[in-house]
Amino acid sequence: NKAFVVISDPKTGEILAMSGQQIIDNNNFLDYTPGVFTSSYAVGSVVKGASMLVGYNSGAIHIGSELVDECIKVRGVPEKCSFKTLGRIDDITALAKSSNVYQFKTAIRVNEQEYFPDMSLVFRQSSFDRYRKMYRSFGLGNSTGIDLPFESHGYTSKDKRAGNLLDFVIGQYETYTPIQLSQYINTLANGG
């Protein structure tokens with residue numbers, strides 16, 4: 001019931017305009033502009049670009065790496081799939097088609113394991129830390145540095161269940177603000 005818009009210059013990160021609206025009922029809206037920097041959300045697949053960089057930087061995958069997109073089953077975690085089975089795909093196709101499974105298998109490798117059905121995923125804080133460090137380098141999960149009162153950093157979990165890593169790498173675990181997403185996209189658009 002909320003929508004946000006941030007317009008910025010990707011070369012400088014300068015915020016040109018921002019707005020937020022909350023739907024009260026069918027014909028009434030409430031200005032919710034402060035929500036651009038005070039409310040946070042699990043943002044989904046938009047984080048996959050940063051997740052892919054963790055895979056490259058850790059050596060879990062390389063440019064052109066192929067993995068099989070199939071439903072995976074990790075012990076203690078419900079079966080996890082992409083929106084449809086994509087078969088053998090490379091990294092570029094994984095991003096273009098928003099493969100969850102490519103990210104899951106990469107994260108398992110970042111976690112110093114190799115996927116096999118019904119495997120036990122070992123909790124390694126270092127794996128979560130690698131992803132968080134990369135996300136933060138893009139502005140996700142930390143202060144934007146913009147002088148905004150009551151700016152939220154989003155939600156960072158302390159939950160020690162290893163399976164949460166799989167949700168984390170597809171943007172379904174921790175939360176980020178719309179202004180952080182703007183900073184992330186600007187960093188991608190301007191080459192870092």
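Guide: Two strands pair if DSSP finds at least two bridges between them, and strands (E, at least two residues) and helices (H or I, at least four) are DSSP runs, numbered from the N terminus. This is a predicted model, where local features need pLDDT of at least 70, side-chain atom pairs count only at pLDDT 80 or more, and totals for chains, interfaces and linings use all residues. Residues are numbered from 1 along each chain as its sequence is written, and side-chain values use heavy atoms, with hydrogens and water left out.

Visitor: What makes strand 1 and strand 2 a pair?

Guide: Strand 1 (residues 2–8) and strand 2 (residues 15–25) share 7 bridges in the antiparallel sense, and at least two are needed, so they pair. As one example, Lys 2 has Gln 22 in strand 2 as its bridge partner.

Visitor: Why is the link between Cys 71 and Cys 81 called a disulfide?

Guide: The S to S distance of Cys 71 and Cys 81 is 2.0 Å, and a disulfide is a pair of cysteine sulfur atoms within 2.5 Å, so the name applies.

Visitor: Why is this disulfide right-handed?

Guide: The torsion about the S-S bond of Cys 71 and Cys 81 is about 115°, so the disulfide is right-handed.

Visitor: Is Ser 152 buried or exposed?

Guide: Ser 152 has a relative accessible area of 18%, so it is buried (buried means under 20%, exposed over 50%, partly exposed in between, with a 1.4 Å probe and protein chains only).

Visitor: And what about Cys 71?

Guide: Cys 71 has a relative accessible area of 32%, so it is partly exposed.
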